[in-house]
Amino acid sequence: MNAGEILSVHEARVSRRGFLGSGGALAVVIGLHPSLAGQALAAEAVQVDATRLPSWIEIAADNAVTIRTGKCDFGQSSIYTAYRQIVAEELGVSIDAMKTVISGDTDTTPEGGGTFGLLRSAQNLRKVAAITREAALELASQTLGVARSALSVKDGVISGGGKSVTYGQLVAGQDLQLAIKVSGDLNAPFGLRVEGNPPFKPRSEYTIIGKPVTNPSLEPKMSGKAKWIGDVKLPGMLHARVIHPATLGSTLVSAGKLDSAQFPGARVVTVGNLLAVVSPNEWEAVQAAQQVGGETQWSEWAGLPESGQLFDHMRNAIDWAEYPARPGRANKGDAKGVKGARTLIAAYGMPFQKHAPISPMVSVGDVRPDGSVTLHTISQNPQHLRRMIARMLVTGEDKVVVKTYPGSGHYGRSNGGSAGSEDEAVILSRELKRPVRVQWMRADDMQWSTQSSASVADIRIELGDDGRIAAYEAAHRGPPMQDDRLVGAMLAGLPVIDAPSAETTYGFQSGLVNIADTWVYAKVDNVFEQGHGAGQIGQKASPIGVGLRDHSMRTPIQFQQNCPRELAISEAAALAGKDALQFRLDHVTDPRFTAVLERLRKESGWDTRPSPAPAARSTGKAVVRGRGVSIMLRDNGYWACAAHIAVTPDGGEVKVERVTIVADVGVVINPLQLRRQIQAGCLMGVSQALFEEVTFDKGAITSTDWAGYPILTMQDMPELRVVIASDPTTDEYGQGSESANALAAPAIAAAFHDATGKPIRRLPLRPEHVAAALSV
Amino acid sequence: MPRITVNDVEREVSASPDTPLLYVLRNELDVMTPKFGCGLAQCGACSVLLDGEEVRACITPIEAVAGKAVTTVDGLPARWAKQRGLSPQQAAGKLHPVQQAWIEEQVPQCGICQFGMMIKITELLEQNAKPSDADIKAALTTSGPSPHLCRCGSYAAILEGAQRAAKLMAQGAEA
């Protein structure tokens with residue numbers, strides 16, 4: 001034993017660092033060094049010593065529990081609800097004892113990693129809590145003189161053998177540390193991972209998981225007390241507006257001359273191709289940036305296909321053989337060799353879509369004379385953002401602190417750190433030697449952020465004599481999922497990580513496209529799926545290396561692949577003369593899918609019959625109606641969705657009247673919050689299906705505001721029915737905040753086929769695309 | 001120096017008369033609940049009440065609000081207390097029923113749009129104490145310069161929140 005060590009449990013050690021006159025606490029800290037070698041990339045920068053990080057869990061003498069997580073909240077509330085419930089459950093304390101959640105800031109949280117797959121990430125805290133409980137039981141055994149095997153914990157009280165002690169009493173007057181073993185690299189995209197295999201509380205004994213705990217962060221937000229990222233003000237702070245290049249490949253020829261008579265407080269700043277106007281007065285900065293921007297000369301560039309030609313470009317102009325193809329994990333049999341009685345061959349297209357936060361990105365950079373940096377922002381991955389900022393400045397990671405605040409949700413755009421504006425705020429602050437607040441305007445956010453990548457799919461389904469699928473073949477082609485390079489740094493000519501390519505393997509920064517949509521039709525004997533990657537569109541040809549940068553967005557890539565797959569399955573059902581829901585039941589083997597599909601049939605009022613509908617029509621002013629279905633397996637969650645829609649063939653209007661979702665996500669941590677997540681995700685999905693498409697000309701994105709990039713309004717909201725029907729026998733935690741957004745599109749597009757008799761094989765279902773589909 | 005009345009307090013501001021109200025509220029007066037969304041009156045994140053009518057602060061110059069009363073979400077509790085004739089003691093710590101309903105129904109996802117949503121629903125409920133779902137949808141879609149947009153898709157929750165707010169206001173009015 002080391003000095004002060006009083007016990008060891010599940011590869012973790014408890015030590016007493018001293019006795020205290022009052023108070024007392026048990027703090028759970030990182031014990032063993034994580035691998036600081038990490039990625040090759042990291043070797044250049046000075047590393048943060050992870051052993052000196054803040055604790056994961058602290059238990060105080062008054063029984064109050066604090067938890068810390070590097071994840072942030074983007075409105076799904078999980079770190080304030082599910083995380084508290086999971087820790088309380090494992091510790092054996094009440095939810096009310098879970099007083100404080102500290103999240104996100106790089107100087108006050110221990111684990112790093114991105115805010116995605118939150119329940120998977122919650123396994124870190126769950127393990128820490130279970131280890132802490134086991135350690136407390138050992139301590140209590142020593143304190144009470146009762147055998148460990150005779151002790152149990154409930155509501156924060158450890159008891160047995162006629163004696164009892166609370167967590168608070170165990171730690172009172174002492175300074176205790178529980179050091180746990182971790183692996184991984186704090187500032188890498190995935191952060192640290194807790195090691196050890198402590199026993200978890202069995203599901204049958206849960207008393208807190210499964211309860212509709214409310215989100216404590218809403219009261220301060222809705223009352224106006226919370227400080228949002230846009231509300232941060234620092235002494236001496238300047239307001240900046242960045243004048244981004246005219247196209248995604250333009251360089252600065254000459255910056256416009258500021259009209260100093262009109263804007264006396266403003267000033268122009270240029271760092272390479274990064275051009276900005278700053279002023280102590282925000283409105284002056286806005287106006288002066290418009291004036292200067294109007295007189296700025298940029299080089300011409302035309303390296304993009306126009307959005308109207310996007311799918312042709314992807315099919316004909318991109319060399320998909322440059323990057324290795326990635327086979328699907330479910331591939332089996334001889335799909336290419338099978339010829340069935342009937343064949344569906346169909347080509348599908350998924351457009352670029354935008355994360356489109358309601359509030360454009362905003363950050364405050366504060367670079368001080370000693371070179372230390374504080375970056376105030378909102379990020380799904382603050383530790384990794386720190387690494388990217390340190391790399392940009394060629395300084396140590398220990399010099400950079402990222403502080404996070406509530407802000408506009410942006411659905412994955414910053415899960416690799418940056419969503420835009422952060423790097424620009426830091427660069428300008430370094431240049432001006434004052435804190436600088438960069439607020440992107442609507443057009444900056446639409447034109448200079450990343451987008452959810454476009455995709456095309458070619459699918460072939462062979463139907464056997466029995467009308468079942470004999471073979472399924474699919475090729476999914478698209479640019480990379482993710483580009484975590486800092487765009488302001490690129491404009492300024494400062495260091496960034498490599499662009500995604502066939503060779504890059506850092507984080508998600510890969511140009512290869514995997515099959516992300518888990519195959520679920522296990523009864524199909526012959527399956528061949530392949531993913532094909534390429535560079536980002538326009539990026540290589542762009543003198544500034546930008547082009548159409550991509551980034552994961554809610555249910556990333558699985559959405560791009562599941563939508564064509566599910567549409568093709570519905571089309572194959574129609575070709576076979578089978579009902580689309582029954583057709584799916586006929587091809588799945590997993591009983592959890594059978595259960596959600598049968599439940600969907602009941603809850604949605606599904607009329608079992610083949611598509612198209614008997615009254616289907618593709619012309620006329622009269623409304624025709626149809627229904628479609630889709631399913632998905634994601635992160636242990638089994639999902640089924642039915643959409644009922646109305647189409648007016650003349651004019652091409654599509655109205656979604658009703659959406660029903662059945663979800664089996666395993667253990668439901670919080671049914672109240674899960675229901676809200678599913679409702680919201682589903683409506684985002686309806687929006688993606690009906691309206692959303694990034695438009696661009698040969699140089700720039702032209703959908704620059706909400707008129708050019710419309711999203712769902714409340715008037716267009718369908719009637720929504722969400723049914724949470726979890727398998728009671730599984731111990732797995734599924735995810736709730738994704739999937740729901742991906743289900744609507746294939747169900748709606750299938751319903752369109754049902755209503756009109758004409759397939760639609762591209763999103764969104766805007767009138768011009770609907771008219772094209774109906775005219776075939 | 002222009003003078004404007006915000007949440008029942010007359011304030012002197014130094015901004016030029018053409019400055020949009022949003023920048024004056026946030027930067028000069030530290031009234032932070034109206035949020036910047038688009039600067040184009042396309043989303044509703046910056047909505048405030050002007051003499052009880054919802055307007056978009058991002059395109060409303062302060063010269064247009066002279067002599068009128070601006071109410072933001074920060075001022076909703078006091079507005080409710082005044083409408084109900086509550087004493088400061090009775091009103092202490094109480095939120096406006098719309099805010100209360102938003103919390104009870106756990107309406108927000110990220111929440112950035114909800115300040116504008118709550119302003120619009122307050123305007124609606126002051127004029128129509130028992131709105132139908134269609135009335136609520138119309139208020140948030142067709143009644144203003146643009147629809148009130150929620151990117152997270154919290155519309156179903158907003159509908160439930162608005163109906164609960166109507167009930168809470170009715171109960172408050174009887175109390």
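1. Between the two chains, 43 residues of chain A are in contact with 44 residues of chain B, where two residues are in contact if their C-beta atoms, placed from the backbone, lie within 7 Å. On the side of chain A that touches chain B, helix H4 (218-223), helix H5 (282-294) and helix H14 (671-690) of chain A each supply at least two residues, and H14(A) gives the largest share, nine residues. Helices (H or I, at least four residues) and strands (E, at least two) are DSSP runs, numbered from the N terminus. By residue type, this side of chain A divides into 19 nonpolar, 17 polar and seven charged residues; Ala, Val, Leu, Ile, Met, Phe, Trp, Tyr, Cys and Pro count as nonpolar, Asp, Glu, Lys and Arg as charged, and the others, Gly among them, as polar.

2. On the basis of the model: this is a predicted model, in which local features need pLDDT of at least 70 and side-chain atom pairs count only at pLDDT 80 or more, while totals for chains, interfaces and linings use all residues. Residues are numbered from 1 along each chain as its sequence is written, and chains are lettered from A and ligands numbered from 1 in the order in which they are written.

3. The domain assignment of chain A gives domain 1 (5-205) and domain 2 (229-301 + 356-448), the bounds coming from an automatic or database domain assignment. The centres of these two domains of chain A, taken over C-alpha atoms, are separated by 37 Å. Even so, 22 residues of domain 1 of chain A are in contact with 21 residues of domain 2 of chain A, and the residues on the domain 1 side divide into nine nonpolar, 11 polar and two charged.

4. Chain A holds an open sheet of seven strands with mixed pairing, in the order S1-S2-S10-S3-S4-S5-S6; two strands pair if DSSP finds at least two bridges between them. Strand S1 (5-9) and strand S6 (98-103) of chain A stand at the edges with a single partner strand each, so one side of each is left without a neighbour in the sheet. From one strand to the next the twist averages 20°, axes being lines fitted to C-alpha atoms, for helices over the stretch in contact, and angles running from 0 to 180 degrees between N-to-C directions.

5. Within this sheet, strand S2 (residues 12-19) and strand S10 (residues 174-180) of chain A pair in the antiparallel sense over six bridges, and A:Val14 has A:Leu178 in S10(A) as its bridge partner. Helix H2 (residues 118-144) of chain A packs on the sheet, where it touches S1, S2, strand S3 (25-30), strand S4 (57-60), strand S5 (65-69) and S10 of chain A, and its direction makes about 125° with that of S1(A).

6. S4(A) and S5(A) run antiparallel and are joined by three bridges, with A:Ile57 standing opposite A:Ile67 in S5(A), whereas S5(A) and S6(A) pair in the parallel sense over five bridges, and A:Thr66 has A:Thr100 in S6(A) as its bridge partner. Four of the five residues of S5(A) are buried, a residue being buried if 20 or more other C-beta atoms, placed from the backbone, lie within 10 Å of its own, exposed if 12 or fewer, and partly exposed in between. In the hairpin of S4(A) and S5(A), which has four residues between the strands, A:Asn63 takes a positive phi near 75°.

7. A:Tyr167 is found in helix H3 (residues 167-171) of chain A and counts as buried, with 28 C-beta neighbours inside 10 Å.

8. In chain B, an open sheet of five strands has mixed pairing and the order S2-S1-S5-S3-S4, and its neighbouring strands are turned by 40° against each other on average, direction ignored. H5(B) packs on this sheet, touching S3 and S4 of chain B, and its direction makes about 30° with that of S3(B). Of the 14 residues of H5(B), 12 are buried, so the helix is largely enclosed by the rest of the structure.
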